[in-house]
Structures are given as structure tokens and as C-alpha cells.
Amino acid sequence: MYVAVARQVGGGFDQWQSLTNSQQQKMSTVVDLYTNAADQGSANAQYNLGVMYRKGEGVSQDHKKAVQWYLKAADQGNAIAQINLGEMYREGEGVPQDFKEAVHWYRKAADQGCDNGQYNLGNMYYYGLGVAQDFKKAAYWHRKAAEQGHADADE
């Protein structure tokens, strides 16, 4: 149901100012529906709210709120939320930059078999960010990601 409402908004989804009043109302409805579902424990709704707050889609951009929603979804095993948390810790978006915490979240996603988690974890080992630099572990994780077709892992 939530996705159907979000799809109705169409191409202006991330351009709040350019939305018509009708589209803004639909977007507000999407935010309300996601918030209700997220408050009831839906990991997908929590993840989607994280995306919306991170990008400022339908809400004012707020990286701290994005982290809060991603964390709720990530704690329920949502691998994409785990990757996004890793990115936010790696870049210091909404949280102090913390490479060890980024590694923690990438590893959780990687251990679930998520190719982006594996690729990003490989990068952390390659560059020695949050972990001791280890080219063998970097190659291992990059190979795991490549086996699943991750385009950047083959380079």
C-alpha cells in the first residue's frame, strides 16, 4: 500500500518544492503511513523513512533522524539499512565519523550475503579504515561480491 502511494507521486518525489499541492498531500500521506508502520515495527517502513530523511524526500533533510530510522531497521536485520548506516558512519553524516562502526555495519550486511556489504567491507580492509589494512581480506570480500555480480568488485 505504501509503495503504491509513493509511486503515484512520480518523478517529483525528491523535489518537494516542485511538487503540486496534490503531490505534496500524497507525499505527506506516504510519510504518515510509513511513520505509522515504522512505529509498529516494520523494518521496511523504518528503512524507507531513513531514506526519506537522508535525502530530504517529503520531509526536511535530517541525517540524525535518518540514522535513527536506519538503526531500527538494521537491528531487525535489514541489510540495506545496515549498508546505509555503514555509509553514514564512514562519511560522518548525522553521526561522528567512525570507521570501526562503519565496518561493524558493513560486516552485518556482508554476513547476510549482501554484495554491497561485502564490497564495502572489502574496501575498508583494502584502505585500512576501521580495521588493519589486509589485502587478503579485501580480496576475499571483493571476490564474494563479484561472485554475486557486483559490477565494481570485478575491477
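This is a predicted model: local features need pLDDT of at least 70, side-chain atom pairs count only at pLDDT 80 or more; totals for chains, interfaces and linings use all residues.
**A tour of the aromatic rings**

Residues are numbered from 1 along each chain as its sequence is written, and side-chain values use heavy atoms, leaving out hydrogens and water.

Colour by secondary structure: the chain has eight helices and zero strands (DSSP runs numbered from the N terminus; helices are H or I of at least four residues, strands E of at least two).

Next, show the aromatic side chains. Rings of Phe, Tyr and Trp (its six-membered ring) pair if their centres lie within 6.5 Å; planes under 30 degrees apart count as stacked, over 60 as edge-to-face and the rest as tilted. The count by this rule is four aromatic pairs.

Select Y47 and Y70: their pair is tilted, with 6.0 Å centre to centre and 35° between the planes. Y47 lies in helix 3 (residues 43-55) and Y70 in helix 4 (residues 63-75), so this pair ties together parts 23 residues apart in sequence. Y70 is buried, at 1% relative accessibility (buried is under 20% relative accessible area, exposed over 50%, partly exposed in between; 1.4 Å probe, protein chains only).

Move to Y140 and W141, whose ring centres are 5.0 Å apart with planes at 80°, so the pair is edge-to-face. Y140 is partly exposed at 38%, while W141 is buried at 9%.

Finally, select Y126, Y127 and F135, which ring pairs link into a cluster.
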